[in-house]
Structure formats: C-alpha cells, structure tokens
Amino acid sequence: MDHRAHPYRSVLYIPGSKERALDKAKTLPVDAIIFDLEDAVTPEEKPAARALLAQTLIAGGFGARARIVRINGFDTPWGDDDLAAIAAAHPQAILLPKVNDAADIAGLAAKLDTLPGCADTTIWAMMETPIGILNAAQIAAAPRMAGFVMGTNDLAKDLGSRNRTAMITSLQLCLLAARAHGLVCVDGVYNAFKDDDGLTAECAEGRDMGMDGKTLIHPAQIAIANAAFAPSDADVDLARRQIEAFDAAVADGQGVAVVDGKIVENLHVETARATLAKADAIAKLEVA
Ligand code: COA
Ligand code: MG
C-alpha cells in the first residue's frame, strides 16, 4: 500500500472528550485527524471519552480526512479498554504512544489480528522516547506500520533539550527510517498556537527537511500548515517545464535537459512527477 498517496499536510489533534471540537472537525480543512484518548484526556474522563469517540467514529461524517485514533499505551490501565472500544468503529489507523521498539508494534498488531473489523487497520507510532528514536528503523519495518508522528514535547522532556536545533538528529533519524520503509512522517506540534510567524517558520523548516506535514493543536494553525506543505504554484510550474524539457531532450536522443540554467536528469523528472501527483491529490481532497 502507498501510505503517502494521501496528503498529510495538516494533522489535527482533537481531544476525544470534547464533543464540540469533534463536531467542528467535520468542517475543518484538515488532511488528517488524530482523535486523542491519551494525554489530552484526564484519567477521570477516559471512559466517557472512549465511548464518545467510538460512537462519533461509527456515526462518521469526516469525509476524506484520514482518521487516526491515539490510544493509551498497554502499560497503562486504559490501553486495552481503548482498543476494545475503538475496534467496534473499524478504525483506519491506531496511533500508539511512546513506542520503544518493534515488539511494541508487534504486540498491537497481534491484538488487531484477533479483532473483527480491524483487518485493514494500520499502525502509526509516536516517536518520542530516546530509545524509540534509536530503534526507528526496526519500528518502521514492523507489521502494519503506516506512519510516524514526532512527539517533540515528550522528546524535549526526556532529552532536556530547549530548542529545535537539539531535536534535529532525532527528526532526521525518524525521517530516514520512514523513507527507507515507505511510511508517512509528520512533524511535532508548535505549542504557541497564537504565534503564526513562529508556526510558519517551523513548518518551512520541517518541509525542507522532508516531513510530509505537521501535527496541530488548534484550528487556527491549519491554513499555515496546508500552505507550507503543498507544492507552490512555482513548484508545479517548474515541474511541468522540467518534464516537458526532458521529454523533448529524450525525443532528440539526449539523456539530459536544462531548465532555468540547471540540469534535469531522469531523477529530477521523478521528483517533478511526484510534485504534480501531490498537487493533484491535494486538489482532489479539497473537492471531496
Ligand atoms: N480541534 C477541533 N476544534 C478545536 C480544537 C481542536 N484541536 N481546538 C479548539 N477547537 C475549537 C473549539 O472547540 C472552538 O470551537 P467553537 O468556536 O465551536 O466553540 C474553537 O475551535 C476556538 O477554540 P479556542 O477557544 O480558541 O480554543 P480553546 O481555548 O478552547 O482551547 C486548546 C485551546 C489548546 C486547549 C485546544 O485547542 C485543544 O485542546 N487542543 C488540542 C490539544 C491536544 O489534543 N493535545 C494533545 C496533543 S499535543
Ligand atoms: Mg506524548
């Protein structure tokens, strides 16, 4: 399965306990939603949130948005009950927090194998512990894996790091593992949800690194992420001209073309075609 065929520019967390926010999400222009039962929900609220979320997912209405449920870990009192409740809603994807190694994924995969209605459910991993980051390659290769979500707040806590620079190695290790195994990789949240300039800069940084998109905590962040992670008009125009110039060069018996003073070889054409495919997938999602 090509997990990256669907756009993941904007991936919004919604606390599973907040009925109003769950409802609002049906109209928000996000590519994907993470319905959270973990840290955004207090222990007291967990049973009610789990039931509300299962009911909400069964009722549907989220259109083409990808739907990912973040359950609690199986080392907590809530993980198994979360999974049992959510399985009834035939979830597209389960996001497991604080994944440390491939055995954590294999454990969830084995549980999904026994649950009716979860045959096609994929697994996403929160990459947010030091040992998890060091084991990124084996986690990415584990059964049912479709994507990584960078848990930069937990990671900063464990590393004692105070800025993004200190996080770059971790982000890149996860990107390498994700790309080696064909997974989606989305960047961590930007906590200051009223700081548009800061979010814009961090989105650009994640995009240039190779991230597919950004996890978000508030609707005000959506438009910025959607714009940052979509091919720009200039990207699409360049891609078209590169393909055209390369095709003309090949027809002329050449293996290389030149566009805007830069060489275009077949590998650049592959990137150009991927850019057009991404723009196309986004356009289709926006009319869906
Ligand atoms: N998803 C969907 N809708 C959301 C939302 C979200 N993450 N966050 C806020 N909204 C909605 C509110 O319900 C409100 O809708 P309304 O106008 O219909 O009432 C509207 O957006 C404006 O919300 P606002 O008053 O600006 O936010 P707030 O002060 O109520 O909440 C946060 C701020 C940060 C607490 C809230 O956005 C939130 O809970 N975010 C998610 C946190 C999370 O999931 N963390 C876990 C992963 S890091
Ligand atoms: Mg976390």
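**Ligand sites in the predicted model**

An oxygen atom of ligand 1 lies 3.0 Å from an N or O atom in the side chain of Lys 18, a polar contact (a pair of N or O atoms within 3.5 Å). The model is predicted: local features need pLDDT of at least 70, side-chain atom pairs count only at pLDDT 80 or more, and totals for chains, interfaces and linings use all residues. Residues are numbered from 1 along each chain as its sequence is written, and side-chain values use heavy atoms, without hydrogens and water.

Two further polar contacts involve ligand 1. An oxygen atom of ligand 1 is 2.7 Å from an N or O atom in the side chain of His 218. A nitrogen atom of ligand 1 is 2.8 Å from a polar backbone atom of Tyr 13. On its own, ligand 1 has 910 Å² of accessible area (Shrake-Rupley method, 1.4 Å probe), and the protein covers 63% of the 910 Å².

Ligand 1 is surrounded by 15 residues, each with a heavy atom within 4 Å. The closest are Tyr 13, Lys 18, Arg 20, Ile 217 and His 218. Strand β1 (10–15) and helix α1 (19–24) are the elements that give two or more residues to this shell. Of the elements, β1 gives the most, with 4 residues. Helices are DSSP runs of H or I with at least four residues, strands runs of E with at least two.

The magnesium ion (ligand 2) is coordinated by Glu 128 (OE) and Asp 154 (OD) at 2.0 to 2.2 Å. Donors are N, O and S atoms within 2.8 Å of the metal (3.2 Å for Na, K and Ca). Glu 128 lies in the loop between β5 (122–127) and α5 (130–134) and Asp 154 in helix α7 (residues 152–159), so the pair ties together parts 26 residues apart in sequence.

Terms used
Chains lettered and ligands numbered in written order. Polar contact = N/O pair within 3.5 Å; in protein donor to acceptor, adjacent residues only side chain to side chain.
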